[in-house]
Amino acid sequence: MNAEFAALMQLPVTQKLAIVEELWDSIAASPDSLPVPEWQKEELARRRADYLEHPESGVPWAEAKERIRRRDG
């Protein structure tokens, strides 16, 4: 383990979370720098095609979110 990382591991959880948030924000600020794997593009295309062929299979986001909340408690 390098010294910088070891020092980070000694920080309180609240400071670690603040650093993680800053790192995440810096990554999210440039989403084009993260490549999307080809398999993921293919899966998205497959799901979109399936939805376009069977639009009745989709559910509104509010309903999907509620289902997830009920399932996960």
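These legends walk through a few close-up views of one predicted model. In this predicted model, local features need pLDDT of at least 70 and side-chain atom pairs count only at pLDDT 80 or more, while totals for chains, interfaces and linings use all residues. Residues are numbered from 1 along each chain as its sequence is written, and side-chain values use heavy atoms, with hydrogens and water left out.

View 1. You can find four helices and zero strands here (helices are DSSP runs of H or I, at least four residues; strands are runs of E, at least two; both are numbered from the N terminus). The radius of gyration is 20 Å, well over the 11 Å that the globule rule gives for 73 residues, so the protein is more spread out than a compact globule (the radius is taken over C-alpha atoms, and the rule is 2.2 Å times the number of residues to the power 0.38).

**View 2. Met1, Phe5, Leu8, Met9, Ile19 and Leu23 make a nonpolar surface patch of about 590 Å².** The elements giving two or more residues to it are α1 (3-9) and α2 (13-28). Helix α1 has the largest share, three residues. Methionine 9 sits in helix α1 and counts as partly exposed because its relative accessibility is 40%. Patch residues have over 30% relative accessible area and no salt bridge; nonpolar side chains (Val, Leu, Ile, Met, Phe, Trp, Tyr) are joined within 5 Å, like charges within 9 Å.

**View 3. Glutamate 43 and arginine 46 form a salt bridge.** Their closest N and O atoms are 2.6 Å apart (a salt bridge is a side-chain nitrogen of Lys or Arg within 4 Å of a carboxyl oxygen of Asp or Glu). The two are three residues apart in helix α3 (residues 38-53), so about one helical turn separates them. Glu43, Arg46 and Arg47 are linked in a network of salt bridges.

**View 4. In helix α4 (residues 61-72), arginine 67 and glutamate 63 are four residues apart.** They form a salt bridge, with the closest N and O atoms 2.8 Å apart. Another salt bridge joins glutamate 66 to arginine 70, at 3.9 Å between the closest N and O atoms; this pair also lies in helix α4, about one turn apart. Arginine 70 counts as exposed because its relative accessibility is 56%, while glutamate 66 is partly exposed at 39%.

Definitions and conventions
Accessible areas come from the Shrake-Rupley method with a 1.4 Å probe; for residues, only the protein chains shown count as cover. Buried means under 20% relative accessible area, exposed over 50%, partly exposed in between (1.4 Å probe, protein chains only).
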